[in-house]
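Here are my notes on the model you sent over.

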Amino acid sequence: MARQAAGVVVPHGDDFSFVSPLVKYVLFFFNMLFWMISMVMVAVGVYARLLKHAEAAMACLAVDPAILLIVVGVLMFLITFCGCIGSLRENICLLQTFSVCLTVVFLLQLAAGVLGFVFSDKARGKVSEIINGAIVHYRDDLDLQNLIDFGQKEFSCCGGVSYKDWSQNMYFNCTADNPSRERCSVPFSCCLQAADEAVINTMCGQGMQAMNYLEASEFIYTNGCIDKLVNWIHSNLFLLGGIALGLAIPQLVGILLSQILVNQIKDQIKLQLYNQQHRADPWY
């Protein structure tokens with residue numbers, strides 16, 4: 001016979017538990033997977049950071065991909081650590097911390113997406129500011145340089161608004177008093193490349209800023225990367241929506257499982273308290 005106390009139906013037997021092993025260990029291994037991924041991200045970010053020259057690293061701190069990798073990795077490590085230990089030890093405090101942090105991250109991502117859509121002009125200005133900052137530090141950071149080159153080749157673009165944006169960089173600056181050998185040039189990733197070109201000419205952008213748009217368009221991409229990026233986003237909304245959904249589902253699953261486990265642990269605590277209070281009850 002079962003008895004009911006404090007809203008909990010209590011069956012006979014001390015072996016009974018409200019905590020589902022399935023929920024507990026699915027949540028544990030779910031967090032363990034992302035915990036390991038976060039450690040790899042931090043290790044790669046730190047390794048990449050240590051390889052950089054100190055002065056160059058400090059100069060482009062805001063746009064350094066290694067810093068972004070470290071920050072995201074550390075946040076993921078702390079959140080998933082709470083989820084791992086909380087689920088394994090059935091600790092309500094850690095599980096609630098994990099659930100709240102994951103909810104905050106999800107809401108911030110959602111807010112960023114909505115604000116980016118509503119205030120698209122300001123978002124465009126922010127992207128332009130980031131790209132211009134990256135252009136300024138192009139030669140200071142090899143990782144950043146490779147990232148910019150990849151983006152320009154992938155989107156067939158050059159600079160932020162146009163190829164003349166490269167004049168913001170001290171090496172490519174087009175002023176008469178610039179002693180650099182790359183004066184008035186653009187990176188090789190801006191150049192038009194033939195399909196049968198076996199060897200890349202890294203000096204193909206020499207003197208391109210001194211030409212007008214029509215002349216330069218015969219040798220390099222003259223359109224800026226901001227417009228290209230906006231056009232790519234507009235034409236790949238379903239792909240971006242799928243990526244956003246792929247990021248959101250694990251977070252929602254983590255929040256759901258943690259709340260289910262928390263409620264089960266609370267019911268188990270009520271059961272234990274009930275059993276302790278009625279140990280001496282002859283009718284129990």
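If the bonded cysteines of the protein chain are numbered in sequence order, what is the pairing? Point 2 has the answer.

1. Some housekeeping before that. This is a predicted model, so local features need pLDDT of at least 70 and side-chain atom pairs count only at pLDDT 80 or more, while totals for chains, interfaces and linings use all residues. Residues are numbered from 1 along each chain as its sequence is written, and side-chain values use heavy atoms, with hydrogens and water left out.

2. Disulfides overall. Searching the whole structure turns up four of them, a disulfide being a pair of cysteine sulfur atoms within 2.5 Å. In sequence order the pairing runs 1-8, 2-5, 3-4, 6-7.

3. Cysteine 157 with cysteine 225. The S to S distance is 2.0 Å, and the link is right-handed, with 90° about the S-S bond. It connects distant parts of the chain, 68 residues apart: cysteine 157 sits in the loop between helix H6 (142–155) and helix H7 (213–216), and cysteine 225 in helix H8 (residues 225–235). For the labels, helices (H or I, at least four residues) and strands (E, at least two) are DSSP runs, numbered from the N terminus. Both cysteine 157 and cysteine 225 are buried; here buried means under 20% relative accessible area, exposed over 50%, and partly exposed in between (1.4 Å probe, protein chains only).

4. Cysteine 174 with cysteine 184. Please look at this one: the sulfur atoms are 1.5 Å apart. The link is right-handed, with 80° about the S-S bond, and its two cysteines are 10 residues apart, both in the loop between H6 and H7. Cysteine 174 counts as partly exposed because its relative accessibility is 25%, whereas cysteine 184 is buried at 5%.

5. Cysteine 191 with cysteine 204. This disulfide has an S to S distance of 2.0 Å and is right-handed too, with 105° about the S-S bond. Cysteine 191 and cysteine 204 are 13 residues apart, each in the loop between H6 and H7. Cysteine 191 has 3% relative accessibility, so it counts as buried.

6. Cysteine 84 is buried, at 4% relative accessibility. Cysteine 101 is in no disulfide either; its nearest cysteine sulfur is that of cysteine 82, 6.3 Å away. Cysteine 101 is partly exposed, with a relative accessible area of 31%.

7. Nonpolar cores. A core here is a set of buried Ala, Val, Leu, Ile, Met, Phe, Trp, Tyr and Cys residues joined through side-chain atoms within 4.5 Å. The largest has 15 residues, and those touching the most other members are Ile148, Cys158, Tyr163, Trp166, Val186, Cys190 and Ile220. Helix H5 (120–136) and H6 are the elements that give two or more residues to this core. Neighbours within four places aside, isoleucine 148 is in contact (heavy atoms within 4.5 Å) with Ala134, Ile135, Tyr138 and Trp166. Another core, of 14 residues, lies apart from the largest one and includes Val23, Leu27, Leu261 and Val262.

8. Helix H3. The expected span of a helix is 1.5 Å times one less than its number of residues. For the 25 residues of H3 (residues 65–89) that gives 36 Å, and the end C-alpha atoms are 36 Å apart, which agrees. Its buried residues, among them Ile70, Gly73, Ile79 and Cys84, pack against helix H1 (21–51), helix H4 (92–118) and helix H9 (237–277). Just after H3, glutamate 90 takes a positive phi of about 55°.

9. Salt bridges. There are four, each with a side-chain nitrogen of Lys or Arg within 4 Å of a carboxyl oxygen of Asp or Glu. Arginine 124 meets aspartate 227 at 2.4 Å, N to O, linking H5 to H8 across 103 residues. Glutamate 129 and lysine 126 meet at 3.8 Å; both lie in H5, three residues apart, about one turn of the helix. Glutamate 182 and arginine 139 meet at 2.4 Å. Glutamate 182 is in the loop between H6 and H7 and arginine 139 in the loop between H5 and H6, so this pair ties together parts 43 residues apart in sequence.
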